[in-house]
Amino acid sequence: MSRGSGKGLSLKDKLDGNELDLSLCDLNEVPVRELAALPKATILDLSCNNLISLPSDFCSLMHLVKLDLSKNRLQQLPLDFGRLVNLQHLDLLNNRLVTLPVSFAQLKNLKWLDLKDNPLDPVLAKVAGDCLDEKQCKQAAVKVLQHMKAIQSEQDRQRQRKLQAEREMEKKREAEQRAKEAQERELRKREKAEEKERRRREYDAQKAAKQEMEKKTKKETVHTRKPAASSRPPQPPRHKPSWSRSVLRVLLFVLFCILCTLAACKLTELQRQPLCVSVNTLYEDVVAALQNHKTLQNMLQHNSQQ
């Protein structure tokens, strides 16, 4: 095995039953891939190396039951260290750990724990206590697990409170948004109603002004017509002279003269006078012509009816 990475040497040579001893190999990296190929190695010793941190895929070695990481330079453990659920024995003596990941509470099978010689947080150091014998190390495992479970529960409660607060804040924002939208709708509705009322008042004002103008115009027309009518007295209608009436009068006069002449020639002793003879002859010719004209009309009417 080459120094530092652990590559170059087959780990099977280090495997003794279910124990794999990689201590004092001057490792600064953990050969996780090679370890994953040895699921039988449930006991792993990585003590006395130069490990500063563990890779995140180290937590995939879930077959580990006993793990010795003592006397390294570990400053922290992976956040998902709790995935090593089958771990029962854990030695972290003489590292540089200050805290443990919250997932540490998931190591429900942990029975033995050593955290001595680490610059632990005072609360965690007090909970862990000493690990000078088997009993103390077992008590340390129980107390640390309880402590980490309490921290996990508190973090879960804080997370729940935070989520609840976020939900309430979101609901509050949604309620405020709905109230704002409702207020905006009400404002738009009020503005629309006011605009409608304004237009209605303008229409009524225009209509009233128009009616007032019509009344005024009508009144002025009446006042204008009344003086003209009162200033002129009624006059009888004048008949315009017509030439047709004059002609008619002349014709009537001529006809009257003819009738008088005819009557004189028929009824008086003047009928034997030459003038009356001529008048009577003319009268008889006219009467005969009229009778002939009437007979012709009757014949024509008779023919048309046939």
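Reader: Let's begin with the cysteines. How many disulfides does the count come to?

Author: One disulfide. Keep in mind that this is a predicted model. The link is formed by C131 and C137, and their sulfur atoms are 1.4 Å apart. That passes because the cut-off for a disulfide is a pair of cysteine sulfur atoms within 2.5 Å.

Reader: Which hand does the link of C131 and C137 have?

Author: Right-handed, with 100° about the S-S bond. Both C131 and C137 are buried.

Reader: Let's zoom out. What pattern does the protein chain follow along the sequence?

Author: It reads β-β-α-β-β-β-β-α-α-α-α, which gives five helices and six strands. As for burial, 24% of the 306 residues count as buried. The chain exposes about 22700 Å², with carbon and sulfur atoms supplying 55% of that area.

Reader: How do I read the sheet, and in what order do the six strands come?

Author: The general idea is that strands of a sheet pair through backbone hydrogen bonds, either parallel or antiparallel. Here the six strands make an open sheet in the order β1-β2-β3-β4-β5-β6, with mixed pairing. Its edge strands, each pairing on one side only, are β1 (15–16) and β6.

Reader: How many bridges join β3 to β4?

Author: Three, and the two strands run parallel. Strand β3 covers residues 43–45. To find your place in that pairing, look at I43, which stands opposite K66 in β4.

Reader: I43 is handy, then. Which residues is N18 in contact with, leaving aside its neighbours within four places in sequence?

Author: K40, A41, T42 and I43. N18 lies in the loop between β1 and β2 (19–21), and with a relative accessible area of 35% N18 is partly exposed. N18 and K40 are 22 residues apart in sequence, yet their C-alpha atoms are 5.4 Å apart in space.

Reader: Now aromatics. How do I describe a pair of rings, and how many aromatic pairs does the count come to?

Author: A pair of aromatic rings is described by the distance of the centres and the angle of the planes. The count here comes to one aromatic pair. F81 and F104 form that pair, stacked, at 6.2 Å centre to centre and 5° between the planes. F81 lies in the loop between β4 (66–68) and β5 (89–91), and F104 in the loop between β5 and β6 (112–114), so the pair ties together parts 23 residues apart in sequence. Both F81 and F104 are buried.

Reader: What about S70: where is S70 found, and is S70 buried or exposed?

Author: S70 is found in the loop between β4 and β5, and a relative accessible area of 6% makes S70 buried. Leaving aside neighbours within four places in sequence, S70 is in contact with S47, C48, D91, L92, L93 and N95. So the partly exposed C48 turns up again, among the contacts of S70.

Reader: One last thing: what share of the contacts with a separation of 6 or more comes from residues 24 or more positions apart?

Author: They account for 34% of those contacts in the protein chain.

Definitions and conventions: Residues are numbered from 1 along each chain as its sequence is written. This is a predicted model: local features need pLDDT of at least 70, side-chain atom pairs count only at pLDDT 80 or more; totals for chains, interfaces and linings use all residues. Side-chain values use heavy atoms; hydrogens and water are left out. Helices (H or I, at least four residues) and strands (E, at least two) are DSSP runs, numbered from the N terminus. Buried means under 20% relative accessible area, exposed over 50%, partly exposed in between (1.4 Å probe, protein chains only). Contact means heavy atoms within 4.5 Å. Accessible areas come from the Shrake-Rupley method with a 1.4 Å probe; for residues, only the protein chains shown count as cover. Rings of Phe, Tyr and Trp (its six-membered ring) pair if their centres lie within 6.5 Å; planes under 30 degrees apart count as stacked, over 60 as edge-to-face and the rest as tilted. Two strands pair if DSSP finds at least two bridges between them.
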